[in-house]
Amino acid sequence: MNKQQLAAKIWESANQMRSKIEANDYKDYILGFIFYKYLSEREIQYAKEQDCTDDDIKAFSEDVTDTVDFISSGIGYFISYENLFSTWLSLGSDFSVANVRDALSAFSRLINKKYKKVFEGVFDTLQTGLSKLGDSAASQTKAIRSLITLIKDIPMDGSQDYDVLGFIYEYLISMFAANAGKKAGEFYTPHEVSLLMSEIVADHLKDRKEIEIYDPTSGSGSLLITIGKSVAKHISNKDSIKYYAQEIKQNTYNLTRMNLVMRGINSANIITRNGDTLEDDWPYFDEEKAYAPLYVDAVVSNPPYSQKWDPENKDTDPRYARFGLAPKTKADYAFLLHDLYHLKPDGIMTIVLPHGVLFRGGEEGEIRKHLIEENHIDAIIGLPANIFFGTGIPTIIMVLKQKKEQSDVLIIDASKGFIKEGKNNKLRSSDIKRIADTVQSRKTIDGFSRSVSKEEIRKNDYNLNIPRYVDSSEPAESWDIYASMFGGIPEKELDAFAPYWTAFPHLRSSLFTSATATTAKLTAQDCKQAVLNHPDVTSFLHTFTTSFDDFDQILKHDLLTTLTAVDRTTEETVLSTEIFSRLASIPLVDPYEAYQILDDNWGTIAADLEVLQTEGLDAVKKVDPHMVTKKKDGKETDVQDGWVGHVLPFTLVQQTLMKDELDAVQKKEDRLSEITSQYDEILESLSEDEKESECINDTKDAFVAAVVTKEAKQLQSECKKNESYPEDSYEAKIIQVNDLLTEEKALKTAIKDAAAALEAKTKTVIEQLNESQIHQLLEAKWITPLMDSLQKLPETLLSDFASRIQSLSEKYAETFADVESQIHDTETSLASFIDELTGSDADMQGLAELKKLLTGAL
């Protein structure tokens, strides 16, 4: 089971187990227990690194102060053997909620004072919430036992497992957020928004050797961690990154600390505070009373939107003194100015805010004016609506710097780039890359982005509302009056396809002839074939194909030849750069669509690489029990239902190495489908009298039950005596259906046996694969689908182009006169029909009046 499957299984079970407990509350319990499991296993790992034996660990007790001091000085805390997560599991039915209460209480006592800020009170939410898991100690014990059994399989004992653990933790947080409604905003920034912000920040910081990042409204810590991961790609030592976090809510503050610690971040690099960011700024002095104001390389935040705050007596606060105070009803600019204040001179910040901060007046307008004039606003990115859990309001990301070279402001309208996922919209990887690339290049792209001068912003009275500068709306459909009256396609509407006419210089004249000075006529009968067969287009397709001629070889080398050495964190970037380079000289094809294809496939490739680099190439030859949940004695139980490949899907192996056996099974299944069709044909051929006499409705099951089982044997017996029945007779059809039933039953048995034999043989084939076959199958799984999808890009583009041309031709195929003629013919036909109607005098008078209206006789 890979990390995606394990995360989904844990979520599904946890969601069932929480019963009536609010998702927002239950999250704190399951994530708390996951964190406790991590700390337990991290202690065991650390102890073994210090040459402790299993017997030594079993002797761990808080009564042995030397051991407590030794362990806690290394990892920040101490857990005695009796309180370890693994010990809980070993207790079986002797485990109770009291074990948890005792363990959490002991944990609080045994934190090393050097790490108090990281661990003190981290389990308070879990500890106080235990009583919500049941109304008695027995029910609480039962709920907790189910929880710890559920999470026991999460791996946490190796460097590779930090990624698995982090993925599962992030997955659970996101799923709880999706179910927490408006409360989700308190603790979660969607991963895709975090990724976008991280790409912008990481590019700015990529040449630094030591980096400090800060989130003053940290929530679960996911945003801060995502930034750290992106920054770490450009730095040789990940321990050179320091994480600062502040969060007002105690339970959410605990999530921040848990999340940071479980990512394997050095505890000394985690500096957190539980406090109100606006009321209680980061102190100027550290715990040793040394002057240490907080100035960092990057600040990232997703503060609560437009919340009330108290600006009274803050006009001398250095965070606000330069720019002014935000209004008390909306703290958006208070958070922004707080973030900006804590930036180093060469730092960068990204902040998520509601759209209103761009154009609201009053105090906010004055602050905005000062920020623009003093050259702090670097970029504004308009996000799709409904992208955050719990709110559908439009939001933006604002990028600011203490000092920047350009005086202009880059404005991006990214509101149209997303996919729908459930109730929410979601940024795709290609959307994120398109935005991040545009921020870095500062390109002006029609309908998407524009660098706006300070002078233009001044003329707009410092209003930064995105539609003032970038129009991303689709042009309204227009109808040419002349073409509507006389037919033909307006040349100006064909001009809208200018990029295609530039790419295919001779195509327009080949598809169209001139009808008038302003209109053209489509001459091709089959527009799509005319486009695809044109020499300009075939040359374009050849160029595209040639540009990717050896790309599969590069993929084989990078992914298969050097499989164990592939850097999963950077390889997708390497391949995307290669794709962009190959598409640089090819018109029309959007390189970001190609990137999306790569990213869609990369998830599978990266997951497999993770397994192979952790377990070795022999992992490809492993098969796992296929476990399904079934009800047994009223309880849901996991039972085995066949086998699945650890890396390779059985169907892929069968299609690649066992085609004859697969085809034999498929042939039987095809015949089974044919039998069903034959049933339907015979049923349709029965007369209504025959159906009625035998009480048959229009379903196969009713047909069989009502007729065949009662009559077929008798009819067959009579048939032997009296020769055969006529082919189209009811009796012959009944006998035919009975024969089909016999064949169907035998086929189902044969298919079941053949499928079982095929599965057993597939298992054997996988377990006996040689290295050449492994590479062949990995190529079929990773490279072939990617290459096939890339090669379809131009075909999809050209089919869409041809459809649009055909639609344009059909738009003006009927003139206004044609429509009028059709209306006249319809009215005449209806008027003549009225003459055939009869009725009362009043009816006839009404019909006569209607006829006058239709014939224009009024």
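Helices here are DSSP runs of H or I with at least four residues, strands are runs of E with at least two, and both are numbered from the N terminus. Keep that in mind, everyone.

Next, the ground rules. This is a predicted model, where local features need pLDDT of at least 70, side-chain atom pairs count only at pLDDT 80 or more, and totals for chains, interfaces and linings use all residues. Residues are numbered from 1 along each chain as its sequence is written, and side-chain values use heavy atoms, with hydrogens and water left out.

Start with helix H15, residues 362-373. Which residues of H15 are buried? They are Glu364, Gly365, Ile367, Arg368, Leu371 and Ile372. Buried means under 20% relative accessible area, exposed means over 50%, and partly exposed is in between, with a 1.4 Å probe and protein chains only. The arc is that of the directions from the helix axis to the C-beta atoms. Why can that happen in a helix? An α-helix has 3.6 residues a turn, so residues three or four places apart point the same way.

What covers that side? The cover includes helix H14 (332-341), strand E6 (377-382), strand E7 (395-401) and helix H17 (454-459). Contact means heavy atoms within 4.5 Å. Just after H15, Asn375 takes a positive phi of about 65 degrees.

Now to E7. Seven of its seven residues are buried. On one side are Thr395, Ile397, Val399 and Lys401; on the other are Ile396, Met398 and Leu400. In a regular strand the side chains alternate between the two faces of the sheet.

E7 has partners. Two strands pair if DSSP finds at least two bridges between them. Strand E5 (residues 343-354) runs antiparallel to E7, joined by seven bridges. Val352 stands opposite Ile397 there. E6 also runs antiparallel to E7, with five bridges. Here Ile380 has Met398 as its bridge partner.

Last stop, helix H23, residues 535-547. Its buried residues are Asp536, Val537, Phe540, Phe544 and Ser547. They cover an arc of only 95 degrees, which puts them on the same side of H23. Pro535 and His542 are exposed, on the face turned away from that buried side.
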